[in-house]
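Me: I want to go through the labels on this model one at a time. For each, give me the value, the cut-off and the conclusion.

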Amino acid sequence: MKVLVINSGSSSIKFQLFKMPEQEVIASGLVEKIGLKNGEIHYNTQKKSVNIEMEIPDHAVGLREVVNLLMSSASGVISNVDEIEMIGHRVVHGGKEFLNTVEINQDAIDRIKSLFNLAPLHNPPNHVGIVVAQDIFPNARQIAVFDTSFHQTIPEKAHTFAIPLKFRDEHDIRLYGFHGISHHYVSQKAIEYLHNPKAKLIVIHLGNGCSMTAVKDGKSIDHSLGFGPNQGLIMGTRSGDIDQGVIFYLMEKFNMGAQEVSDLLTKKSGMLGLTGDSDLRGIEERANNGDETAQLALEMNTYRIKKYIGTYTAVLNGLDAIVFTAGIGENSELIRAKVCEDMSYFGIELDANKNSIRSKEIREISTEYSRTKVLVIPTNEELQIAKECFAFQQK
Ligand code: ADP
């Protein structure tokens with residue numbers, strides 16, 4: 001069975017075509033700069049790579065071009081759109097509405113639209129991707145997989161903010177969590193690796209956005225991102241946790257408006273605000289060359305992760321493994337080493353040699369004697385969506 005996974009953003013569409021249940025990637029790629037004259041399409045199969053520059057006025061044009069490539073005589077992998085039986089859409093915000101993956105029908109579309117105000121940057125382009133795909137693939141079953149669903153198991157005491165309850169009950173202001181598709185995939189892989197469905201895990205997703213999840217019995221029980229995507233860890237351009245007193249002080253002292261403060265904390269802060277650079281590779285290089293600002297930013301970043309490990313170990317009442325994933329988690333030996341430094345109280349003992357090995361495979365980087373295992377597990381959100389589509393079809 002062929003499943004097309006679509007991740008539709010405001011100016012891009014990422015896609016992967018899978019053969020399931022074999023989990024084989026038949027084609028993949030990216031449509032970029034939608035809305036601009038110099039749009040780009042990058043398309044790969046096991047045999048060919050195609051890169052096109054063209055005007056892509058909207059998502060419909062972009063997705064139609066992808067379909068043309070999928071069916072072209074030179075680089076195609078299907079002969080007819082109906083060969084694709086299912087389409088899996090990534091949807092960022094499912095609010096408290098969507099506890100699980102759902103089949104898309106008019107009711108689901110209306111409910112996704114009703115969440116626009118909670119995720120104004122993400123849900124509208126996700127919705128566009130759904131509408132366009134319905135038009136292009138009229139006979140395929142369309143499934144929505146939500147980034148928030150995995151966190152719906154977080155108990156009320158952890159997802160409720162200590163403000164008057166009417167804001168939660170009447171206005172849906174509470175912790176939702178994000179990166180759930182990644183945390184779900186990685187925690188399942190860790191459970192398989194450990195052969196222990198009851199494992200107490202802390203999953204540390206470190207990409208441009210960063211988050212941590214406490215996982216017990218395969219379920220998310222607490223998570224570092226909250227109502228929006230700027231709680232918890234220090235990220236590429238986001239501050240993460242900050243004393244809210246700072247926000248009011250900025251507004252009063254510098255006469256800043258809400259939007260200005262929001263832009264400061266989400267687009268100009270984090271590693272970028274501290275060092276002038278949001279990409280970790282450059283920051284690591286500077287730190288290695290003795291740049292004290294870069295060194296401080298790395299210290300702050302990893303200190304914050306350690307604090308959350310402490311918190312989540314308490315919440316889990318134990319710890320079997322910590323798991324690093326995403327661009328930084330999978331690739332940065334330095335960040336992993338700094339997070340695991342002086343953590344013997346938590347039973348964490350890193351093996352420096354194993355930590356230095358670069359690989360795309362699941363790997364254990366703790367010493368033989370480490371009470372808590374340290375794992376690196378590459379995330380694969382697209383595959384998780386394809387798996388959920390396949391499981392849905394079996395129901
Ligand atoms: P996104 O959240 O956009 O999916 P990624 O998961 O791709 O992000 O992670 C991007 C981050 O990974 C960037 O900060 C980048 O610097 C970092 N990264 C990628 N490769 C390496 C590496 N070899 N060493 C250190 N950091 C890396």
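Reply: Start with the ligand: H12 gives the largest share of the shell around it, four residues. Keep in mind that this is a predicted model.

Me: Which residues surround the ligand?

Reply: Gly 207, Asn 208, Gly 209, Asp 279, Leu 280, Arg 281, Ala 326, Gly 327, Ile 328, Asn 331, Ser 332 and Arg 358. By class, that shell has three nonpolar, six polar and three charged residues.

Me: Which helices each supply at least two residues of the shell?

Reply: Helix H10 (280-288) and helix H12 (326-331).

Me: Why is His 151 called buried?

Reply: Buried means under 20% relative accessible area. His 151 has 0%, so the label applies. His 151 sits in the loop between strand E8 (141-146) and helix H4 (156-159).

Me: Which backbone oxygen lies 2.9 Å from a polar atom of the His 151 side chain?

Reply: That of Phe 178. Leaving aside neighbours within four places in sequence, the contacts of His 151 include Tyr 176, His 179, His 183, Thr 213 and His 223.

Me: Are Cys 340 and Cys 389 buried or exposed?

Reply: Buried. Cys 340 has 6% relative accessibility, and Cys 389 has 0%. Both values are under 20%, so both residues take the label.

Me: Why is His 195 called exposed, and Lys 33 partly exposed?

Reply: Exposed means over 50%. His 195 is at 72%, so it passes that cut-off. Lys 33 is at 30%, which falls between 20% and 50%, so partly exposed is the label.

Me: What is noted about the phi of Lys 33 and of His 195?

Reply: Lys 33 has a positive phi of about 55 degrees, although it is not a glycine. His 195 also has a positive phi of about 55 degrees and is not a glycine.

Me: Where do Lys 33 and His 195 lie?

Reply: Lys 33 is in the loop between E3 and strand E4 (39-45). The loop with His 195 runs between helix H6 (180-194) and strand E9 (201-206).

Me: What is the omega of the peptide bond from Met 20 to Pro 21?

Reply: Omega is near 10 degrees, and the bond is cis. Pro 21 lies in the loop between strand E2 (13-19) and strand E3 (24-32).

How values were computed:
Residues numbered from 1 in each chain as written. Predicted model: local features only at pLDDT ≥ 70, side-chain atom pairs only at ≥ 80, totals over all residues. Heavy atoms only, no water. Buried < 20%, exposed > 50% of the residue type's maximum accessible area, 1.4 Å probe, protein only. Near = heavy atom within 4 Å. Nonpolar A, V, L, I, M, F, W, Y, C, P; charged D, E, K, R; others polar. Polar contact = N/O pair within 3.5 Å; in protein donor to acceptor, adjacent residues only side chain to side chain. Contact = heavy atoms within 4.5 Å.
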